[in-house]
Amino acid sequence: MKIHHIINSYSDKLGGAEILVRSIHKHLIEDDFKSSIFGLLKCSDDINDAQTANLETPYSFRAFSAIKNYCINNVSDQDIIHAHLFPANFFCSIIKILGFTNAKLITTEHSTYNRRRGKFWGKIIDKIVYKSYDHIISISYGTKKKLIEWIPETKNRIIVIKNGCTLKHKKPIIRKKNKSTIKLVSVGALKAAKNYDLTIKSILHIKDLDFEWTIAGDGALRSKLNREIEELGLIDKIKFIGRVDPVWPLLEQSDIFIITSIWEGFGMAAVEAMNSTLPIVASDIPGLKEIVDFEESKCALFVNPLDDYDISNKIKELILSHDLRIKLGINGFRLSKNFEISKMLNEYTKLYKNLKKAHN
């Protein structure tokens with residue numbers, strides 16, 4: 001039996017889904033599984049047992065044809081196809097419906113939201129997407145809840161395997177009190193879901209406080225957000241530094257982590273911040289909340305991501321209270337241990353082994 005991961009791209013520069021696939025693939029090989037990755041987009045990353053269709057876009061008939069040909073030439077009936085992200089998971093479902101493969105089909109649901117949800121045509125497409133999947137893995141209970149609300153018939157096929165990451169710190173970082181300028185930090189792609197535009201507006205309400213906000217990430221909105229900062233006169237308060245890898249030194253030098261997304265399937269950046277003993281200003285949304293508010297212990301102040309005054313007030317509360325920062329930060333460090341990558345990888349391995357037994 002072989003596990004075939006099919007995804008739009010397997011570049012680790014794109015996001016959490018891509019990093020997840022690479023981590024699972026590496027772990028499977030180390031655990032004596034046969035595993036491969038097939039990506040649709042051009043990717044120069046050097047990974048064992050990975051190949052790409054070298055396409056410019058995944059939204060094309062060529063992408064469908066590439067996956068179909070890959071399945072016909074490489075996938076046996078005893079194998080497992082593990083699809084990630086749209087449209088790769090859509091094409092895999094169509095390929096199964098048309099009889100080009102009899103392999104077990106699973107997919108991972110990576111977000112609580114997509115652009116298809118709430119639209120009649122989106123409902124039709126997503127019913128097709130999930131029709132052929134034997135199991136749907138949700139990266140959080142929030143992700144599971146939102147998918148069931150959207151496509152109720154998926155309910156009995158969903159398995160929750162929470163995301164995990166490699167944690168650097170074994171002990172909490174205790175930051176000293178005698179510090180003037182408080183350093184805020186955010187990590188994430190510059191896209192609409194991250195809600196940077198409204199959060200930048202919120203900074204205007206507290207600009208007289210002594211702090212700096214550093215945003216690590218890149219994306220299509222960078223020029224627009226830079227213009228907003230200039231127009232609001234916040235150049236001295238907010239700076240973009242592009243994508244940072246590794247991110248740990250930046251987190252270690254910061255005091256407060258900001259993640260005010262409109263939606264999040266999980267929030268890997270929040271886990272890294274928690275492991276760095278950072279208190280968090282976080283959106284009160286599914287997926288993210290279950291990470292930072294776990295078993296009656298929380299490490300965040302929650303905000304309505306659509307209310308700039310709420311965001312600014314919670315940031316202000318943390319800026320003004322060293323004791324609160326320390327308390328929430330230590331809670332976060334403890335909670336981060338729940339998301340050690342080995343736990344996630346072992347759950348995926350267990351799932352594959354159970355599917356293998358069912359095949360035999």
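Which residue just after α7 takes a positive phi? G233 does, at about 70°.

1. Basis. This is a predicted model: local features need pLDDT of at least 70, side-chain atom pairs count only at pLDDT 80 or more, and totals for chains, interfaces and linings use all residues. Residues are numbered from 1 along each chain as its sequence is written, and side-chain values use heavy atoms, with hydrogens and water left out.

2. Seven-stranded sheet. Its order is β3-β2-β1-β4-β5-β6-β7, open and parallel. Strands (E, at least two residues) and helices (H or I, at least four) are DSSP runs, numbered from the N terminus. Two strands pair if DSSP finds at least two bridges between them. The edges are β3 (50-55) and β7 (158-160), each pairing on one side only. Twist averages 20° from one strand to the next; axes are lines fitted to C-alpha atoms, for helices over the stretch in contact, and angles run from 0 to 180 degrees between N-to-C directions.

3. β4 (80-84) and β5 (104-109) run parallel, joined by five bridges. H84 stands opposite T108 in β5. Helix α1 (16-30) packs on the sheet, touching β1 (2-7), β2 (34-41), β4 and β5; contact means heavy atoms within 4.5 Å. The direction of α1 makes about 165° with that of β1. Helix α2 (61-74) touches β1, β2, β3 and β4, at about 160° to β2.

4. Six-stranded sheet. Here the order is β10-β9-β8-β11-β12-β15, again open and parallel. β10 (238-242) and β15 (300-303) each have a single partner strand, so one side of each lacks a neighbour in the sheet. β8 (182-187) and β11 (256-259) pair over two bridges, and V185 has F257 as its bridge partner in β11. Helix α11 (308-320) lies across β8, β9 (211-216), β11, β12 (280-283) and β15, at about 165° to β15.

5. Helix α7 (222-231). L225, E228 and I229 are its buried residues; buried means under 20% relative accessible area, exposed over 50%, partly exposed in between (1.4 Å probe, protein chains only). The face turned away carries exposed E230 and E231.

6. S140. This residue sits in the loop between β6 (135-138) and α5 (141-150). S140 is buried, at 0% relative accessible area. Leaving aside neighbours within four places in sequence, S140 contacts V160, G265, F266, G287 and E290.
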